[in-house]
Amino acid sequence: GGAFPPPPAGGGGGSGHDLRRLLEGLERASYGAYQELRGTSWAFDDTLEIKVDNVQKDAFAPPTRCRVVIAAAAAALPPLTVADRASRVATGDWLARKFFDACRAAGDDQRTETGGWGGKKGGEIRIAVPSQFVLERTSAAARDDGAIELRFTVALPASGRSIEGRWCARVLCDRVPRPSGSDFAKRPSRRACQRRKSRRTIKTSTPTPQTSSNHQDEHANAAKSHRTIKTSTPTPQTSSN
């Protein structure tokens with residue numbers, strides 16, 4: 001289904017500024033200190049919220065699972081995109097693709113790994129790779145109230161078993177994509193699509209020119225008259241004198 005699981009019980013959170021300060025304060029701490037993030041929720045400017053559902057055990061474990069929730073006012077989705085279930089499924093699929101494309105274009109989906117076990121590693125933001133089909137996805141959902149939820153993973157950065165707190169702050173606070181309804185302006189409108197379709201139809205089905213019925217009758221009568229003149233030319237006669 002397209003619904004997200006409920007966040008873990010307990011937890012805390014605060015503002016985006018609080019998250020940045022917490023992560024920077026964890027610089028060089030043992031990797032296990034990242035567990036403080038589990039079940040927390042962080043609000044950015046009353047328009048965006050990052051929720052941390054689960055935290056990886058170490059830098060080599062499966063990445064941390066997070067969600068970003070964008071309020072309806074900030075999402076600014078056109079009403080038709082959330083009008084019914086089919087529309088919400090299509091919109092969620094499109095949002096997942098936008099998030100995926102944004103991460104790839106910025107290089108934020110690329111893992112950093114240098115210097116062997118003790119080197120810097122992690123930092124990549126990823127969402128489930130979209131398929132060629134429009135499907136209801138667990139990675140993205142458009143709510144009927146116009147809000148957006150996107151589920152993604154982050155490999156929390158480390159050097160060996162030490163936290164890279166400042167790096168992690170940049171990733172979670174600055175690099176998470178925020179797709180919104182304004183992106184729909186870059187898509188062709190339905191009316192524009194219909195106009196293009198009409199032009200293609202005209203090009204592929206141009207009717208053969210036809211003459212009017214009166215014009216056809218005139219041609220037929222003229223041809224008939226010409227044949228009559230040729231076949232009924234009178235034979236010359238001599239005078240009786």
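Tutor: Gly14 counts as partly exposed because its relative accessibility is 28%, where buried means under 20% relative accessible area, exposed over 50% and partly exposed in between (1.4 Å probe, protein chains only). This is a predicted model, in which local features need pLDDT of at least 70, side-chain atom pairs count only at pLDDT 80 or more, and totals for chains, interfaces and linings use all residues. Residues are numbered from 1 along each chain as its sequence is written, and side-chain values use heavy atoms, with hydrogens and water left out.

Gly14 belongs to strand β1, residues 13–15; strands are DSSP runs of E, at least two residues long, numbered from the N terminus. Leaving aside residues up to four places away in sequence, Gly14 touches Ser41, Trp42 and Ala43, contact being heavy atoms within 4.5 Å. Of these, Ala43 is 29 residues from Gly14 in sequence, yet their C-alpha atoms are 6.3 Å apart in space.

Strand β4 (residues 64–70) is largely enclosed by the rest of the structure, because six of its seven residues are buried. Strand β4 pairs with strand β3 (residues 48–54) in the antiparallel sense, over six bridges; pairing requires that DSSP find at least two bridges between two strands. Within this pairing, Cys66 of β4 is the bridge partner of Val52. Strand β4 is also joined to strand β9 (residues 148–154) by seven bridges, again with an antiparallel run. There, Val68 stands opposite Leu150 of β9.

Conventions
Helix = DSSP H or I, 4+ residues; strand = E, 2+ residues; numbered from the N terminus.
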